[in-house]
Amino acid sequence: MTRRSHSSDRGNGGGVTETKPTKAEFLVSFLVDARGGAMTGSRRGELRIVIPPRAAEQPVRVTCRQLKTEVVPHPPPMNDGEGLACRVLQLTAATFLSPVLVEVNHSAQVSAEREIVVFRCDSGKKWSLHSNCAADACLNNFLSSSINNVNTNKNLEQRVQIVTRSLPAYFALISRPRHENVSLGPQGGVLTSHQAPGLQCFFPPKALTKPVNIGLSVCKAEESMLGDLNVQGGAVSPVFTIEPRRRKFHKAVSVTLPVPQPAQTTAPADPVVERSVVLLCSMCESGRRAVWENVTASTPLNLNQGTVQFNTVVSAAFWLVNLPTWMVDDSTTMLDKIFRWMTRVPYLAQLSVYWREEQEVDGDAEIRLVLCTEGERINDNCLESREGFQLLNTLTDVVIGDRCEVEMELKGNLEKLSETPPMIFKPFRENRSTATVRRVQINFPAAGSLEVVSGENLLYSSSILLPLEHRM
């Protein structure tokens, strides 16, 4: 631990008149006593732990590690569309006399459709949703003190503050589709969603026997994902889930939503094409991959003026599909592919472009892409520096989905010597892709344009000029 501030003022009689709390950087652990302190992690990301004065009853050594999921014995259960927003925090379980603050940066994209929630694991096995306790005057005064008021994290959207009186064994920040919750009881009520206009769930009286927090999450498909389906005249609704899952109601809940309409095309519609509205349902529990089942035959659908209504006695995930009848039997593979695209967790990443001249192969140079989430990239003495690469450009806040394929495309007087496999982006690690390039016309400068694409999304585009020698 490297101390930044640790001082005391002594009066003329030698007694301690004022003791300031410590502010320190730590690698893995630090020791805190009744003076409190503000400790900042010096490894990756923006991690800060604030313990106000007199919060620790006795000296406590707090250990904090940032772990990948594969090294956590019992990782948090996550549904489709959910993913870690940062590495899992492994802590020393400790209890304090007043609230303490854990502040951590994350790399997930936050929008109107997505949110960040905190889960905690006290026993090392069972995970539960964490709710912040109210910060008391002691913590607020300490946060506003001059010693702790300096915060290098300027992006408030990428920061999560956890306020708690006890540190668990693990904290996990989960990125998921936004849940719209409401407390319902035996009197019943209506649950709606701002993300899907026209969607509502009506709970009749006595459908629930006690007050329960019921949530509704919505996952939409972007137009770029529906290319093949639109061409064939199909349409899908957002996937919506009644939370918590696999809960049985005492009376049937009525669900109403608009029928998805196929995209308008320039070709005139064929009036003889028969269409079918199909209801898919997944009743998989939390932490399991969704398995869709066609429940249209067992669940009557009432169609009325562009809307459909059906009843359910269990909470589950539902998906309404409007297809030409000839597509229904063979649509499983296409719909599953669309669903996997819909549920990829979006991250904010940093893209770096490097190059080096190549002398031993037929190509003129090598171009390397490095794509990683925040905190994973170490610029000092990185692998590219040791291998003789030079930095061309760096782009931050690149939105990329988990496990999306990333490829580079060259134009102008540059071309790839051979096709390279696409890069598969994974968060919390450095993802690399290297391609050997050459000049199309050897007597002209190595100038052209570089594009980095993921599917139909353009992540990066720039002109490049490599200072190569005019060798024959």
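P244 sits in the loop that runs between β21 and β22 (248-258), where strands are DSSP runs of E with at least two residues and helices are runs of H or I with at least four, all numbered from the N terminus. The peptide bond that joins E243 and P244 is cis, with omega at about -5°. The model is a predicted one, in which local features need pLDDT of at least 70 and side-chain atom pairs count only at pLDDT 80 or more, while totals for chains, interfaces and linings use all residues. Residues are numbered from 1 along each chain as its sequence is written, and side-chain values use heavy atoms, with hydrogens and water left out.

On to the fold as a whole. The protein has 4 helices and 36 strands. Of its 472 residues, 47% are buried, meaning under 20% relative accessible area, against over 50% for exposed and anything in between for partly exposed (1.4 Å probe, protein chains only). Taking contacts with a separation of 6 or more, 70% are between residues 24 or more positions apart; a contact here means heavy atoms within 4.5 Å. The accessible surface comes to about 24,100 Å², and carbon and sulfur atoms hold 48% of that. These areas come from the Shrake-Rupley method with a 1.4 Å probe, and for residues only the protein chains shown count as cover.

Back at β21, this strand pairs with β27 (317-324). The two run antiparallel over 2 bridges, and pairing requires that DSSP finds at least two bridges between the strands. F240 has F318 as its bridge partner in β27. β27 also pairs with β20 (235-236), again antiparallel and with 2 bridges; here A235 stands opposite N322. With β23 (275-282), β27 forms 8 antiparallel bridges, and S276 faces L323 across that pairing. β27 is largely enclosed by the rest of the structure, because 8 of its 8 residues are buried.

Helix α3 (332-342) has a buried side too. L335, I338, F339, R340 and M342 are its buried residues. Their cover includes β27, along with β19, α2, β20, β21 and β23.

α3 also turns up at the largest pocket, giving the most to its lining with 5 residues. Rolling a probe the size of a water molecule over the atoms shows where empty space is left. On a 1 Å grid over the protein atoms alone, a cavity is a set of points where a 1.4 Å probe fits but cannot get out, whereas a pocket is an open set with protein on both sides within 12 Å along at least five of seven lines; lining residues have an atom within 4 Å of a point. Grid points are joined across faces, edges and corners, and a volume is the space filled by probe spheres set on the points. Besides α3, the elements β19 (212-219), α2 (227-231), β30 (390-401) and β36 (457-466) each supply at least two lining residues. The lining splits into 16 nonpolar, 8 polar and 8 charged residues, with Ala, Val, Leu, Ile, Met, Phe, Trp, Tyr, Cys and Pro taken as nonpolar, Asp, Glu, Lys and Arg as charged, and the others, Gly among them, as polar.

The second largest pocket has a volume of about 760 Å³. Its lining has 24 residues, and E82, G83, V345, D402 and R403 are the closest to the centre. By class, the lining of this second pocket has 12 charged residues, 6 polar and 6 nonpolar.

A few individual residues round out the picture. D397, found in strand β30, has a positive phi of about 55° although it is not a glycine. D397 is exposed, with a relative accessible area of 53%. F428, in the loop between β33 and β34 (431-439), likewise shows a positive phi, near 65°, in a residue other than glycine. F428 counts as buried, at 9% relative accessibility. P422 lies in the loop between β32 (414-416) and β33 (423-424) and is partly exposed at 30% relative accessible area. Its contacts, leaving aside neighbours within four places in sequence, are with E405, V406 and E407. P422 and E405 are 17 residues apart in sequence, with a C-alpha to C-alpha separation of 5.7 Å in space.
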